[in-house]
Amino acid sequence: MRVSPLVPGLSRHDLDHFISDILLPRLVAEDGPLVVHGALLSRDTDAVCLVGDSGRGKSTLSAALQKAGWTLHGDDALHLRAEGAEIGARATYPSLRLFSDSLDHLFPDPPADLSPVADYLDKFRLAPDDVGGPAGTPRLRAVLLLEAGDGTDAIAARPVTAVTLCMSLLRQSFSLNPADPVAAHERLTAASAVAAAVPGFALSYPREFARLPEVVDLVRSTLDRVGAAAKQEMAARSVLPGDI
């Protein structure tokens with residue numbers, strides 16, 4: 001693929017941002033069909049994705065989880081695909097991009113190869129080695145929808161319905177041609193499959209750096225609860241009718 005800028009003097013940072021963060025997710029969605037705006041983190045082979053509007057705090061929370069021992073695959077776009085009865089998740093590329101205040105708090109000694117995301121953004125890109133890089137295709141176990149704080153100090157992960165999760169994934173999905181009815185139907189089908197297979201939670205918390213460890217603990221405990229519930233369900237299904 002060759003990209004030829006029409007704007008003279010476009011910096012390399014601006015061009016990289018356009019290709020990696022704007023163009024690439026939409027091209028991947030042509031083969032997707034479901035590519036969503038979010039971050040992907042995993043423990044072993046179990047993954048969670050953080051989905052929400054730009055500026056909601058996905059990258060900051062991702063960095064905090066990474067520093068707590070999670071594997072960060074990417075913080076921009078995720079390719080979700082049904083693989084049998086499970087959902088496989090893969091970041092379009094390994095990434096971590098932080099605003100200067102988050103960078104100062106989470107990385108007081110930033111890496112030497114830190115670079116601006118774009119000349120017009122107060123955001124910086126960490127190199128893939130600092131991110132940790134992808135580790136195969138983990139299985140998605142939960143989707144966390146980052147909500148705006150309610151003005152209180154509460155930190156909570158509230159279960160949402162499959163319909164709410166499906167619509168949230170669609171709102172945050174990428175498309176090269178949003179007016180294409182066939183592609184739109186495929187996105188809806190793919191989002192419905194994810195919502196049917198994976199539980200969703202609305203995650204709300206105050207935007208305070210000092211509270212991030214509590215949010216990290218809540219994400220961990222939420223994934224643990226999902227795993228425990230899945231094991232109980234499998235055990236119940238393994239019981240033969242004659243054993244009851």
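Trainee: Is Arg139 buried, partly exposed or exposed?

Mentor: Start with the terms. Buried means under 20% relative accessible area, exposed means over 50%, and partly exposed lies in between (1.4 Å probe, protein chains only). Arg139 has 25% relative accessibility, so Arg139 counts as partly exposed. Keep in mind that this is a predicted model, where local features need pLDDT of at least 70, side-chain atom pairs count only at pLDDT 80 or more, and totals for chains, interfaces and linings use all residues. Residues are numbered from 1 along each chain as its sequence is written, and side-chain values use heavy atoms, with hydrogens and water left out.

Trainee: Which side chain does Arg139 meet in a salt bridge?

Mentor: The general idea comes first. Side chains of opposite charge can pair when their charged atoms come close. A salt bridge is a side-chain nitrogen of Lys or Arg within 4 Å of a carboxyl oxygen of Asp or Glu. Here Arg139 pairs with Glu83, at 3.1 Å from N to O. Arg139 lies in strand β9 and Glu83 in strand β4 (residues 77-83), so the pair ties together parts that are 56 residues apart in sequence. Strands (E, at least two residues) and helices (H or I, at least four) are DSSP runs, numbered from the N terminus. Glu83 is partly exposed, at 32% relative accessibility.

Trainee: How many salt bridges does a search of the whole structure find?

Mentor: The search finds 15. One of them joins Asp46 and Arg141, at 2.9 Å from N to O. That pair links distant parts of the chain: Asp46 is in strand β2 (residues 46-51), Arg141 is in strand β9 (residues 139-146), and they are 95 residues apart. Asp46 is partly exposed at 28%. Arg141 is partly exposed at 25%.

Trainee: What is the N to O distance between Arg211 and Glu214?

Mentor: It is 2.5 Å, in another salt bridge. Arg211 is buried, with a relative accessible area of 16%. Glu214 is partly exposed, at 38%. Salt bridges can also share partners, as they do in one network of Asp21, Asp75, Asp76, Arg97 and Arg125.
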